[in-house]
Amino acid sequence: MTPFEMPEPQHSDPNCIFCKIVSGELPARRIYEDDRAVAFLDIAAWHRGHSLVVPRRHVSDVTTGTGSLSEIAPAVDAVAKLLKQRLAADGINLLLSAGDAAGQEVFHTHMHVVPRYADEPGLRLLINPDGPPDGELESVYRQIQAGA
Ligand code: 5GP
Ligand code: ZN
């Protein structure tokens, strides 16, 4: 291993909600994990199954530090396939925001993996600010688990 390939030390930020989800200190509907990334349902889902994939270590955004995108890429692949299959989604959007101007609100980098359905198609309908109806997060979570 060259010095350029040395992994960064695992870093956790005690004030970061996604670090707390990764560690289990805060609850989340976790749908997938591997040694470098964790995926869970977004609490304010834009569409059924909207999930976030985060690196286990704290990296504030994709322009900071080293290699956070490649670190979560295998999990993003797996989660996109999982959601498409288990929820019979018709499509998937991936969205990653870096910085205030880009709309990033939680500064632990994350990829939005958003299943899309033919009855609400297109990029203009990607963001649904109303959030999910009552009970939907739990029913989607059960549907994803049921296929395991
Ligand atoms: P951003 O705007 O930073 O790209 O997206 C942050 C996302 O994190 C939002 O879609 C928001 O709904 C989600 N989020 C914020 N707090 C929590 C939380 O405590 N739990 C979960 N599961 N999602 C959260
Ligand atoms: Zn963090």
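Two residues are taken to be in contact if their C-beta atoms, placed from the backbone, lie within 7 Å. By that rule, and not counting residues up to four places away in sequence, isoleucine 31 touches Ala39, Phe40, Leu41, Ser51, Val79, Leu82 and Ile144. The model is a predicted one, in which local features need pLDDT of at least 70 and side-chain atom pairs count only at pLDDT 80 or more, while totals for chains, interfaces and linings use all residues. Residues are numbered from 1 along each chain as its sequence is written, and chains are lettered from A and ligands numbered from 1 in the order in which they are written.

Isoleucine 31 is found in strand 1; strands (E, at least two residues) and helices (H or I, at least four) are DSSP runs, numbered from the N terminus. Isoleucine 31 counts as buried because it has 24 C-beta neighbours inside 10 Å. The cut-offs here are 20 or more other C-beta atoms within 10 Å of a residue's own for buried, 12 or fewer for exposed, and partly exposed in between, with C-beta atoms placed from the backbone. Along the chain, isoleucine 31 and tyrosine 141 are 110 residues apart, yet their C-alpha atoms are separated by 7.7 Å.

Now for the sheet. Strands of a sheet pair through backbone hydrogen bonds, either parallel or antiparallel. Here, two strands count as paired if DSSP finds at least two bridges between them. The model has an open sheet of five strands in the order 1-2-3-5-4, with antiparallel pairing. Strand 1 and strand 4 (91-95) sit at the edges, each pairing on one side only. On average, neighbouring strands of this sheet are turned by 20° against each other, direction ignored. For angles like this, axes are lines fitted to C-alpha atoms, for helices over the stretch in contact, and the values run from 0 to 180 degrees between N-to-C directions.

Going across the sheet, strand 1 (residues 30-33) is joined to strand 2 by three bridges, and a hairpin links the two through three residues. Glutamate 33 has valine 38 as its bridge partner in strand 2. Five bridges then tie strand 2 to strand 3 (residues 51-55), again antiparallel. Alanine 39 is partnered by valine 53 in strand 3, and alanine 37 by proline 55. Strand 3 goes on to pair with strand 5 over three bridges, with leucine 52 standing opposite histidine 112. Strand 5 (residues 111-116) and strand 4 share five bridges, and glycine 91 has arginine 116 as its partner in strand 5.

Strand 2 is largely enclosed by the rest of the structure, because five of its five residues (37-41) are buried. Both of its faces are covered, with Ala37, Ala39 and Leu41 buried on one side and Val38 and Phe40 on the other. Strand 3 is mostly covered too, with five of its five residues buried: Ser51, Val53 and Pro55 on one side, Leu52 and Val54 on the other.

Helix 2 (residues 68-86) lies across strand 1, strand 2, strand 3, strand 4 and strand 5, running at about 155° to strand 3. A nonpolar core is a set of buried Ala, Val, Leu, Ile, Met, Phe, Trp, Tyr and Cys residues joined through C-beta atoms within 7 Å. In the largest such core, with 27 residues, Ala39, Val53, Val54, Val76, Val79 and Val113 touch the most other members. Two or more residues each come from helix 1 (17-23), strand 2, strand 3, helix 2, strand 5 and helix 3 (136-146). Helix 2 gives the largest share, seven residues. Leaving aside neighbours within four places in sequence, alanine 39 has among its contacts Ile31, Val53, Ala75 and Val79.

The loop between helix 2 and strand 4 holds alanine 88. Alanine 88 counts as exposed, because it has 12 C-beta neighbours inside 10 Å. Most residues other than glycine have a negative phi, and most peptide bonds are trans. In alanine 88, phi is near 50°, a positive value in a residue other than glycine.

As for ligand 1, 13 residues lie around it, and Ile43, Ala44, Ser97, Glu105 and Val106 come nearest. A residue is near a molecule or strand if its C-beta atom, placed from the backbone, lies within 6 Å of it. The shell around ligand 1 divides into eight nonpolar, three polar and two charged residues.

Conventions: Ala, Val, Leu, Ile, Met, Phe, Trp, Tyr, Cys and Pro count as nonpolar, Asp, Glu, Lys and Arg as charged, and the others, Gly among them, as polar.
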